[in-house]
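Colleague: Could you take me through this one and say what stands behind each label you use?

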Amino acid sequence: MPTKQIIQHIGAALDLAGVLVIAVGVAVATVVFAVRCARSGEVVAHYRAYRQGVGRAILLGLEFLVGGDIIRTVAVSPTFTSVGVLALIVLVRTFLSFSLEVELDGRWPWQGRPPVSG
């Protein structure tokens with residue numbers, strides 16, 4: 001099997017892994033949310049944790065998807081146009097990741113975590 005086909009398959013596998021991580025993560029977060037709501041009878045109390053679980057699944061899935069794009073674009077077809085398109089894709093996904101990170105933690109990444117009180 002030629003090297004380009006192997007690289008294409010690896011990129012496709014990373015894309016599939018990214019989609020599966022997002023789908024499974026959202027499903028698990030939803031089930032956990034539903035169980036917590038059923039036990040306590042409160043939805044609002046568990047909503048933030050649910051959003052964080054969904055956000056983390058999306059962040060991890062995006063990392064796999066970016067990895068697949070990088071492998072396919074740089075290793076298979078490194079033309080100026082494809083690298084430019086890859087740069088835009090990575091830029092958009094990085095912005096999404098950054099936005100999700102700020103949303104999940106409620107602070108900028110360069111701000112330190114507040115000290116844990118004992």
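**Salt bridges, burial and a surface patch**

Modeller: Let's start inside helix α2: Arg72 and Asp69 both sit there, three residues apart, about one turn of the helix. Helices here are DSSP runs of H or I with at least four residues, and strands are runs of E with at least two, numbered from the N terminus. Bear in mind that this is a predicted model: local features need pLDDT of at least 70, side-chain atom pairs count only at pLDDT 80 or more, and totals for chains, interfaces and linings use all residues. Residues are numbered from 1 along each chain as its sequence is written, and side-chain values use heavy atoms, with hydrogens and water left out.

Colleague: What makes Arg72 and Asp69 a salt bridge?

Modeller: The rule asks for a side-chain nitrogen of Lys or Arg within 4 Å of a carboxyl oxygen of Asp or Glu. The closest N and O atoms of Arg72 and Asp69 are 2.9 Å apart, so the pair meets the rule.

Colleague: How many salt bridges does that rule give?

Modeller: Two. Arg72 also pairs with Asp15, at 2.8 Å from N to O. That pair links distant parts of the chain, with Arg72 in helix α2 (residues 44-76) and Asp15 in helix α1, 57 residues apart.

Colleague: Why is Arg72 called buried?

Modeller: Buried means under 20% relative accessible area, exposed over 50%, and partly exposed in between (1.4 Å probe, protein chains only). Arg72 has 19%, so it counts as buried. Asp69 is buried too, because its relative accessibility is 12%.

Colleague: And why is Ala27 partly exposed?

Modeller: Ala27, in helix α1, has a relative accessible area of 41%, so it gets the label partly exposed.

Colleague: What makes Leu16, Leu20, Val24, Val28 and Val32 a patch?

Modeller: Patches take residues with over 30% relative accessible area and no salt bridge; like charges are joined within 9 Å, and nonpolar side chains (Val, Leu, Ile, Met, Phe, Trp, Tyr) within 5 Å. These five, Leu16, Leu20, Val24, Val28 and Val32, form a nonpolar one on the surface, with about 420 Å² of accessible area together. The areas come from the Shrake-Rupley method with a 1.4 Å probe; for residues, only the protein chains shown count as cover.
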